[in-house]
Amino acid sequence: MNSADIDAVYTELAESIARVGEAKTHLFLATLALDLLSRQANAEAALEYILKAERLAKI
Amino acid sequence: MRSAPSFPDEVPVLIVGGGPVGLSAAALLGRYGIDCLVLEADPSWCEGSRAICISRRSQEILGWIGAEQALLAKGLSWVGGRSYFRGTEVLHFEMPSERAQRFAPMINIQQYYIEQFAHAAALRTGRVDIRWSARVSTVRPQSSGVQVDFQTAEGRGRTVRADWVVACDGGRSTVREQLGLQLEGMQYEGRYVIVDIEQDTRREVERLAWFDPPSNPGSTILMHRQPDNVWRIDYQVAEHEDAAQAVKPENVLPRVQAHLDMIGETEPWKPLWISIYNAKCLTLADYRSGRVLFAGDAAHLVPIFGVRGLNSGLDDAGNLAWKLALVQQGRAGETLLDSYSVERVLATRENIAYGAKSTQFMAPPHRGFALMREAALRLALESPGVRSLINPRQTLPVEYVDSPLNEPDSGAAFRGDLRAGMPAPEARLRTLQGAGHLTALLGGGFVALYFSDSPHLPASLRPLVERPQPGVAALRLVRVATHGEPDERTVVDERNQAWPRYDAAEGTLYLIRPDGYVMGRWRGAAATAAGISQALRRALLETDDEQR
């Protein structure tokens, strides 16, 4: 993706979060994450993303 | 008129508002041979530094009025910036720049200097009469002009009749209100306090941004250096904070001190100016209303993030001045002024789209954007691919897509990204005066760039140099050669920059508008004086309603 694509995806995700509402935000993001992780080549790659996100969330 | 003590009863052009846009428009109109009266409600140049980032395009426009040297002598040039999340750098961006360029991508300078330079430039033309403390009260459009009532500095009521009024009277435009016109669009809730302080510093000139810095947890802070040892500091105000409280020195100064401490700027300092701001995306639907034309903040309000405010206002002035001059001199039909509105409304829509993107990051409008920004800043620590999200998307000249003035290409096809309706690309050239730049040829009238290595002008182009027109209607033919010696009509592209940037072949011809935009281009046998004359006639005299 080029920077314009990333920009468009970022904006759409932000708007989606607002649309699903606060109570459903966790569910929405977990569904999205699982969908994307299930498309990884193998579990190892998926686990790397999980650990990275966990590390960054603790900052 | 000039500096006559009494006010004129009639003027060709009345400019309401003597801010940077009004004064620049006056200087350009004066240069193009039009007498103008400028009425400014305030007693002098603005207080506080206000707009401070002047884009390369704006520097070019200020160059047309002869303010280039003053601007470059005073301003601080810069090419990039850094953004930090907490204490860690997450973005280092650089704007396009090249060696020995005429202008840096951006310079920082206080708005009152721009006003001073434009004021001096306007007076140098000998055609501009500027009156301070003159407050417009009533605007009465008529079929072939406008009657305007105003109060003089001495409190006396006066009336002036103008063929044309250019409204440059800012966001709370009296002219706009008098005509019953409304800005359309939306505002953002997120507010920023703007503080200027005076402090000695040796720091590099860059755009600096901190997200959630230890000095002010949860806030966003921007810093820019200005001339005279002045820092511009912008910081985001928390949602619950009251605007009147937020600008009180006792609330502002400790936050500034904490941040200066954090970044190690320890010299003594004092505050100069404090203001508060929220992002707005507002525009008039049309910048022409009969004999009244709107420019700058009177026409549109765009977010500060990306510095499109004053810069777009100067572009308005640059776009409008040559058109209004040609119409006033009877060399173009009134409909040419509709192209001003078409082109600049398009520019505003683009500026608003970019400005809104920047604002969504700098002042997230809802929890979706707030949460995504938290994620993007963290991810940016480790994933360079997302760092572009943090980029402030600084202003760039806008392409006038589908402008009625754009001439379709003639002759063999052109390659590359350049098209009619885009700014003429820069190139370093050798000129009779020594090392020079292509853009320095622009801004005075029409320019025909003729790319050729033959010193003999073909007969089909000779009419272009045989019947010179006066003023801004003048068309200057400049031959761009790949080698050889420059002369009065020839520049040499010895670094091979111009030819590739214009996708030129022997005999390629470009017609550049007085505001530096490409109007049309021709190749081979299609490159004739007749082709250019026809394009000019069509644009200036025959642009009818259908083509609007």
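Helices (H or I, at least four residues) and strands (E, at least two) are taken as DSSP runs, numbered from the N terminus. The model is predicted, so local features need pLDDT of at least 70 and side-chain atom pairs count only at pLDDT 80 or more, whereas totals for chains, interfaces and linings use all residues. Residues are numbered from 1 along each chain as its sequence is written, and chains are lettered from A and ligands numbered from 1 in the order in which they are written.

Helix H7 of chain B spans residues 249-263. Its 15 residues reach 21 Å from the first C-alpha to the last, close to the expected 21 Å (1.5 Å times one less than the number of residues).

Within H7(B), Val252(B), Val256(B), His259(B) and Leu260(B) are buried (20 or more other C-beta atoms within 10 Å of the residue's own; exposed, 12 or fewer; partly exposed, in between; C-beta atoms placed from the backbone). These four residues lie on the same side of H7(B) because they cover an arc of only 100 degrees around the axis, the arc being that of the directions from the helix axis to the C-beta atoms. They pack against strands S12 (184-199), S14 (220-226), S15 (230-237) and S16 (269-283) of chain B, with contact defined as C-beta atoms, placed from the backbone, within 7 Å. The face turned away from the buried side of H7(B) carries the exposed residues Glu250(B), Pro254(B) and Asp261(B).

The contact between the chains takes 14 residues from chain A and 16 residues from chain B. On the chain A side, helices H1 (3-20) and H3 (43-57) each give two or more residues, and H1(A) provides the largest share, 10 residues.

Technical notes
Two residues are in contact if their C-beta atoms, placed from the backbone, lie within 7 Å.
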